[in-house]
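The following questions and answers concern the structure displayed below.

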Amino acid sequence: MLKKVYIETYGCQMNVADSEVVVSILSDHGFEHTSSIEDAGLILINTCSIRENAEQRIWGRLRAIGHFKRKNGDLVIGLIGCMAERLKEQVIEKEHLVDLVAGPDSYRELPLLVAEAHEGHKAVNVLLSREETYADISPVRMDSNGVSSFVSIMRGCNNMCAYCVVPYVRGAERSRDPGSVLNEIRILKEKGYREVTLLGQNVDSYLWKEDGRATGFPELLEKAAMIDPIMRIRFSTSHPKDISDDLLYTIARHGNICRHIHLPAQSGSSRILKLMNREYTREWYMERVSAIKRIIPGCAISTDMIAGFCTETEEDHKESLSLMEWAGFDFAYMFKYSERPGTKAARRYRDDVEDEVKTRRLNEIIALQNRMSARSKKLDIGQVYEVLVEGRSKRSAEFLSGRNSQNKVVVFPGNGQKPGEYVNVMIERCTSATLIGTIFVH
Ligand code: SAH
Ligand code: SF4
Ligand code: F3S
């Protein structure tokens, strides 16, 4: 019973990539992955701590799966990932919902921890590491469309943005050996994958030193792009303080590096950015956006915004709106500030923006972004884009779905194309989330 592992993943793309590493490690120790929770002898929940509601959701889920435990006394339930790291053994003590707790750097210990938990011992490992990158582990791709995949290039973060829990739960920044990154991409290509997304909390600070030589992110990206023009390369996340012209010129030189940069602004007010410890100003951010537009024409830009950070005034909020309007983002993730215990903001500032005000500001940000996203899609009508087919469209069986280089979802009536093929599509109309077109023949 114990030998089947079911894993559920919350949070960011890093956690998706980590779950693939976890299943790989367990597979080497006699476990088999199952996508059915009922069949599992080991249930792992890979968790996120980024906002309070992310953790609330996971507590809810743990309570909901409690009945599996009552049915099967042998079942081991484990909490892994960022929330496991943040709460440590408290997770086991609170409500007795889990048997095992493993932080993001202790996944190699999982087979041992599972055995301990199975014998009824408290199995906890939340040690963070300065070296662990799981470079030698070949991730097991689950729930994959067989076309696009994540490749983790670094772990941790050294940035200490005042609101952010990531440096505490993921530890210090460390880069992964470029040889192992490039090798993983080659293997994916051989398996038929056509797109990889290189992952790190701040990819621009990627740095690998060996034999007196340093490899930075632009060089790694270029080498990845040169493996085969048939492979699309994406990456996330760029930090506005570190994104260099060198990187932008590298993207411009290679058609298979996607025309999309995720560049989280967080706020449009220089005063708030300073409090957030983001190490750039509104003007610096605007200059970086201008550089992207100048060096990589047609590049989509997306962002993250936080509404209602400590001391944010109506004036600061208006500056966020005006920055968004000026940049004309194609897409955005937008959040209400959520205080995280232990962060600089929690220790030093008061979470003093009323919840109602945060909600109203967030709604204004969302409404503005909806207008901008619609405008960005309208401008695509009449354009021809190369689309990498990922599968059938959810809405209609005759339609195929994929994305263009700018990361916009495109659906079109298929003509026998298979996932992994590239098709030129002329955009004819759009909905709020999707571009709709037909195959373009010269
Ligand atoms: N490393 C990435 C982002 C990681 S977290 C970067 O620096 O951009 C993803 C997003 O969650 C952040 O960009 C931020 O917008 C949001 N976020 C992080 N902490 C938050 C908090 N305490 N409250 C609300 N949003 C938060
Ligand atoms: Fe968090 Fe800032 Fe690091 Fe991103 S760069 S993970 S927001 S501390
Ligand atoms: Fe969440 Fe951890 Fe990612 S806190 S956003 S899963 S790095």
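The model is predicted. Both domain 2 (144-258) and domain 3 (262-379) supply at least three residues to the shell around ligand 1.

Q: Into which domains is the protein divided?
A: The division begins with domain 1 (4-125) and domain 2 (144-258). It continues with domain 3 (262-379) and ends with domain 4 (381-439).

Q: How far apart do the C-alpha centres of domain 1 and domain 4 lie?
A: Domain 1 covers 4-125 and domain 4 covers 381-439. The distance between their C-alpha centres is 37 Å.

Q: Which residues of the shell are closest to ligand 1?
A: The shell around ligand 1 has 15 residues. By class, six are nonpolar, four polar and five charged. The closest are Q201, P264, Q266, D304 and S338.

Q: How far from an oxygen atom of ligand 1 does a polar side-chain atom of D304 lie?
A: A nitrogen atom of ligand 1 is 3.1 Å from a polar backbone atom of Y163. On the side-chain side, a polar atom of Q266 lies 2.6 Å from an oxygen atom of the ligand. For D304, the corresponding distance to an oxygen atom of ligand 1 is 2.5 Å.

Q: What percentage of the area that ligand 1 exposes when taken alone does the protein bury?
A: A polar side-chain atom of Q266 and an oxygen atom of ligand 1 are 2.6 Å apart. Taken alone, ligand 1 exposes 540 Å². Of that area, the protein buries 90%.

Q: Which elements give two or more residues to the shell around ligand 1?
A: D304 places a polar side-chain atom 2.5 Å from an oxygen atom of ligand 1. The elements that contribute two or more residues to this shell are β15 (300-307) and β16 (331-336).

Q: How many residues of the shell around ligand 2 are charged?
A: The residues around ligand 2 include C157, C161, C164, H239 and R278. Seven residues of this shell are nonpolar and three are polar. The number of charged residues is one.

Q: Which residues surround ligand 3?
A: The shell of ligand 3 divides into four nonpolar, four polar and one charged residue. The surrounding residues are G11, C12, N15, C48, S49, I50, C82, R170 and Q201.

Q: Where is T237 found, and what is the peptide bond from S236 to T237?
A: T237 is found in the loop between β13 (232-236) and α9 (245-253). With omega near 10 degrees, the peptide bond from S236 to T237 is cis.

Q: Is E279 buried or exposed?
A: E279 is found in the loop between α10 (270-275) and α11. Although E279 is not a glycine, its phi is positive, at about 65 degrees. Its relative accessibility is 55%, and the cut-off for this class is over 50%, so E279 counts as exposed.

Q: What is the relative accessible area of N407?
A: N407 has its place in the loop between β18 (399-403) and β19 (409-413). Its phi is near 75 degrees, a positive value in a residue other than glycine. N407 is partly exposed, with a relative accessible area of 28%.

Q: What separation do the C-alpha atoms of R347 and A225 have?
A: R347 lies in helix α13 (residues 344-348) and, at 55% relative accessibility, counts as exposed. R347 and A225 are 122 residues apart along the chain. Their C-alpha atoms are separated by 43 Å.

Q: How far apart in space are V5 and L42, C-alpha to C-alpha?
A: V5 has its place in strand β1 (residues 4-9) and counts as buried at 1% relative accessibility. V5 and L42 are 37 residues apart in sequence. C-alpha to C-alpha, their distance in space is 4.7 Å.

Notes:
Residues numbered from 1 in each chain as written. Chains lettered and ligands numbered in written order. Predicted model: local features only at pLDDT ≥ 70, side-chain atom pairs only at ≥ 80, totals over all residues. Heavy atoms only, no water. Domains from an automatic or database assignment. Near = heavy atom within 4 Å. Polar contact = N/O pair within 3.5 Å; in protein donor to acceptor, adjacent residues only side chain to side chain. Areas by Shrake-Rupley, 256 points an atom, 1.4 Å probe, with all protein chains shown as cover. Helix = DSSP H or I, 4+ residues; strand = E, 2+ residues; numbered from the N terminus. Nonpolar A, V, L, I, M, F, W, Y, C, P; charged D, E, K, R; others polar. Buried < 20%, exposed > 50% of the residue type's maximum accessible area, 1.4 Å probe, protein only.
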